Amino acid sequence: MDIAQMSEHESRHGQTPHAKLAGMIRGWSGPAEDVSTPIDGLSFFQRTRPTEPDLCLVEPALLVVAQGAKQMFVGGAPHRYDPSGFLITSLEIPGQTQIIEASPDTPCLGLVLKLDQRILAGMVARDVTPPRRQRDRSSVAVGTMTPELIAPLERLVALLDEPDALPFLAPLILQEIHYRLLVSDQGARLWSFVAAGTPNQRILALLNWMKLNYAKPLRVEDLAERAQMSASTFHQHFRELTTMSPLKYQKWLRLNEARQLMLNDHLDAASASYRVGYESPSQFSREYARLFGNPPKRDIQKLRLDVAD
């Protein structure tokens with residue numbers, strides 16, 4: 001039975017396609033909008049009204065809406081997903097998230113599960129291959145939800161009610177979820193990011209290196225050499241996957257790290273700017289305001305008020 005048949009069958013019984021998963025998420029979330037869980041990498045979200053696009057960090061993850069609808073903007077392109085599909089992200093890049101279908105009676109409910117690159121790479125090494133190749137090289141896409149994928153997701157969430165069983169059964173269910181993703185219609189996309197030697201895998205490895213070395217001066221030629229590509233090929237692949245240039249990605253890394261230093265370590269703007277590699281605090285403040293919508297001091301004050309509320 002495919003998703004369309006599931007939806008028709010369950011609608012005749014007064015249920016949404018993912019009513020069971022939605023009910024479990026709502027039960028765990030209570031009144032909170034965002035909830036972490038005892039399962040590492042698994043979190044829930046719920047919203048009771050549509051929202052404007054909000055800046056967010058896109059991490060390698062599976063995002064599922066059990067009720068309502070959301071969309072993710074990456075590089076200006078919208079990716080809408082609802083109970084009929086899942087969103088898959090393969091890189092850590094900036095984006096915007098927006099709730100587009102939600103109400104107090106029917107909130108938007110869903111989950112985020114961070115992907116484990118080691119699990120995926122291990123399966124690829126054991127010859128788990130996707131059903132077909134993918135021409136689209138982007139790192140974000142919407143796949144078709146199937147009963148084979150929704151079933152282990154429901155079992156994973158249900159396992160939260162058995163804390164003693166978590167360390168034994170959660171790893172097995174997570175293995176199954178990763179396998180289902182690898183053989184889904186987005187499996188080729190994931191495969192290209194974990195199979196050794198592919199251009200996408202080399203870019204991913206480079207991004208991980210850049211996250212550790214963002215404060216250093218970087219030259220595109222050196223990055224291309226590290227990725228084992230010509231400068232032109234590297235620039236093309238990098239922009240296709242991240243929707244930005246290497247230097248703009250470095251700037252984004254620096255600004256996000258500075259934000260965390262000011263928020264968590266209480267550094268002032270000038271100290272944070274020097275720590276992340278800026279030589280001019282005024283340039284830092286201008287670029288910070290352009291990214292986050294407010295100058296550093298006002299932005300941090302607003303973040304702290306939001307947390308307090």
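Visitor: What should I know about the model before going on?

Guide: The model is predicted: local features need pLDDT of at least 70 and side-chain atom pairs count only at pLDDT 80 or more, while totals for chains, interfaces and linings use all residues. Residues are numbered from 1 along each chain as its sequence is written, and side-chain values use heavy atoms, with hydrogens and water left out.

Visitor: What makes a stretch a helix or a strand?

Guide: Both are DSSP runs, numbered from the N terminus. A helix is a run of H or I with at least four residues; a strand is a run of E with at least two.

Visitor: Which residues of α13 are buried?

Guide: They are Pro-296, Asp-299 and Ile-300. Buried means under 20% relative accessible area, exposed means over 50%, and partly exposed lies in between (1.4 Å probe, protein chains only).

Visitor: Why are the buried residues of α13 said to line one face?

Guide: Look down the axis of α13: these residues fall within an arc of 95 degrees, so they line one face of the helix. The arc is that of the directions from the helix axis to the C-beta atoms. On the other side of α13, Lys-297, Arg-298, Leu-305 and Ala-308 are exposed.

Visitor: What do the buried residues of α13 pack against?

Guide: They pack against α10, α11 (269-275) and α12 (281-292). Contact means heavy atoms within 4.5 Å.

Visitor: How many aromatic pairs does the structure hold?

Guide: The structure holds six. In one of them, Phe-234 and Phe-238, the ring centres are 5.5 Å apart and the planes stand at 55 degrees, so the pair is tilted.

Visitor: Why is that pair called tilted?

Guide: Rings of Phe, Tyr and Trp (its six-membered ring) pair if their centres lie within 6.5 Å. Planes under 30 degrees apart count as stacked, over 60 as edge-to-face, and the rest as tilted. The 55 degrees of Phe-234 and Phe-238 falls in the rest, so tilted is the word.

Visitor: Where do Phe-234 and Phe-238 lie?

Guide: Both lie in helix α9 (residues 231-242), four residues apart, about one turn of the helix. An α-helix has 3.6 residues a turn, so residues three or four places apart point the same way.

Visitor: Are Phe-234 and Phe-238 buried or exposed?

Guide: Phe-234 has a relative accessible area of 0%, so it counts as buried. Phe-238 is also at 0%, and therefore buried.

Visitor: What makes Tyr-249 and Trp-252 a tilted pair?

Guide: Their centres are 5.5 Å apart and their planes stand at 40 degrees. Both residues lie in helix α10 (residues 246-264), three residues apart. Tyr-249 is buried at 0% relative accessibility; Trp-252 is buried at 7%. Phe-234, Phe-238, Tyr-249 and Trp-252 form one aromatic cluster.

Visitor: Why is His-237 called buried?

Guide: Its relative accessible area is 7%, so it is under the 20% limit. His-237 lies in helix α9. Neighbours within four places in sequence aside, His-237 is in contact with Arg-137, Pro-199, Ile-203 and Met-229.

Visitor: How do you know that the charged end of Arg-259 sits over the ring of Phe-292?

Guide: NZ of Lys or CZ of Arg must be within 6 Å of the ring centre and within 35 degrees of the ring normal. The charged end of Arg-259 is 3.9 Å from the centre of the Phe-292 ring. Lys-70 lies over the face of Phe-45, at 4.1 Å from the ring centre.

Visitor: What makes β5 and β6 a pair?

Guide: Two strands pair if DSSP finds at least two bridges between them. β5 (residues 69-74) and β6 (residues 77-81) have five, in the antiparallel sense. Gln-71 has Arg-80 in β6 as its bridge partner. The hairpin has two residues between the strands, and Gly-75 there takes a positive phi near 60 degrees.

Visitor: Which residues of helix α3 are buried?

Guide: In α3 (residues 117-125), Ile-119, Leu-120, Met-123 and Val-124 are buried. They fall within an arc of 135 degrees, so they line one face of α3. The face turned away carries the exposed residues Arg-118 and Ala-125.
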